[in-house]
Amino acid sequence: MARRRRLPRSFYARDPLEVAPDLLGTLLVHDGRVVRIVEVEAYCGADDPGSHAYRGPTPRTEVMFGPAGHLYVYFTYGMHWCANVVCGGVGEAGAVLLRAGAPVAGLDAIRAARPKARRDRDLTSGPARLCQALGIDGTYDGADLVKADRGVSLASDGTALTTEPATSTRIGLSQGADLPWRWYLPGHPDVSGRPR
DNA sequence: CCGCCGATCTTT
DNA sequence: AAGATCGGCGGG
């Protein structure tokens, strides 16, 4: 087991198109539960019609316009939470959506948090499943991943990827649907969804 | 495995 | 009225 090293602020303070692929293989940690990130999507603020921040700041999206390295957690479809990592400079509203992971530790707690999952592959494959599995909800909006002020952080354990990342268009969008801003580790059982 | 549909509520 | 989703159901 290699030592886990929390990602520094400088990791996040770059263009989301650079940060997103670099997040593959990193560890999302909360409350004894750890998953290895295997699927992400980049969202590029005012330059991206698919971003919640495309039309400028609102109460919902204000965290995205703040400093990098914080969580942007939003509520969708009346019942689900999804988590993004804020990237780039202040005011740019870059973000990377965490779409899927592979459980690394705390499997019992993850299973307990996902009672609807029939198979293990359904535990953390999907942005809302991932949040439910790790116990991340709206109270974590704005949480600092570098300071881990609410117990959530991202770390690297130095493990090299065994699969080359692949790209595709993003899942579930009608605006910006043609942009190839999704990265994933192909063949991984936890990778979710399909582009349209 | 795949496709369809309903749930449920915030945002526009 | 649509949405950065999920889970249950039916069919192949």
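A: Happy to; we can go through the core, the helices, the salt bridges and a few single residues. Keep in mind that this is a predicted model.

Q: Let's start inside. How many residues does the largest nonpolar core have, and which have the most contacts inside it?
A: The largest nonpolar core has 40 residues. Those with the most contacts inside it are L23, L28, V40, L71, I136 and L154.

Q: Which helices and strands supply at least two residues each?
A: The helices are α1 (9-12), α2 (16-23) and α4 (127-134). The strands are β3 (33-44), β4, β5 (80-87), β6 (94-105) and β7 (152-156).

Q: Where does the largest share come from?
A: From β3, which gives six residues to this core.

Q: And what does I136 touch?
A: Setting aside residues up to four places away in sequence, I136 touches L28, L71, V73, W81, A83, C131 and V152. There is also a second, separate core of 14 residues, with F65, Y74, A95 and A128 among them.

Q: Okay, helices now. Which residues of α2 are buried?
A: P16, V19, A20 and L23. Looking down the axis of α2, these buried residues fall within an arc of 105°, so they line one face of the helix.

Q: What do they pack against?
A: The buried residues of α2 pack against helix α1 and against strands β3, β5, β6, β7 and β9 (182-184).

Q: How many of the eight residues of α4 are buried?
A: Six of the eight are, so α4 is largely enclosed by the rest of the structure. The buried ones are P127, A128, L130, C131, A133 and L134.

Q: What covers them?
A: The cover includes β2 (27-30), β3, β5, β6 and α3 (107-113). Just after α4 comes G135, with a positive phi of about 75°.

Q: Which other residues have a positive phi although they are not glycine?
A: Y77 is one of them, with a phi of about 55°. A148 is another, also with a phi of about 55°. For background, most residues other than glycine have a negative phi.

Q: Where are those two, and are they buried or exposed?
A: Y77 lies in the loop between β4 and β5, and it counts as exposed because its relative accessible area is 69%. A148 is found in the loop between α4 and β7. At 19% relative accessibility, A148 falls under the 20% cut-off, so it counts as buried.

Q: Which pair links distant parts of the chain?
A: That's D157 and R36, whose closest N and O atoms are 3.0 Å apart. D157 sits in the loop between β7 and β8 (166-168) and R36 in strand β3, 121 residues apart. At 12% relative accessibility, D157 counts as buried.

Q: Last one: what is S156 in contact with, leaving aside its neighbours within four places in sequence?
A: S156 is in contact with R3, R4, R5 and L7. S156 is found in strand β7 and counts as partly exposed at 28% relative accessibility. The C-alpha atoms of S156 and L23 are separated by 9.0 Å, although the two residues are 133 apart along the chain.

Notes
Residues numbered from 1 in each chain as written. Chains lettered and ligands numbered in written order. Predicted model: local features only at pLDDT ≥ 70, side-chain atom pairs only at ≥ 80, totals over all residues. Heavy atoms only, no water. Core = buried A, V, L, I, M, F, W, Y, C linked by side-chain atoms within 4.5 Å. Buried < 20%, exposed > 50% of the residue type's maximum accessible area, 1.4 Å probe, protein only. Helix = DSSP H or I, 4+ residues; strand = E, 2+ residues; numbered from the N terminus. Contact = heavy atoms within 4.5 Å. Arc of directions from axis to C-beta. Salt bridge = Lys/Arg side-chain N within 4 Å of Asp/Glu carboxyl O.
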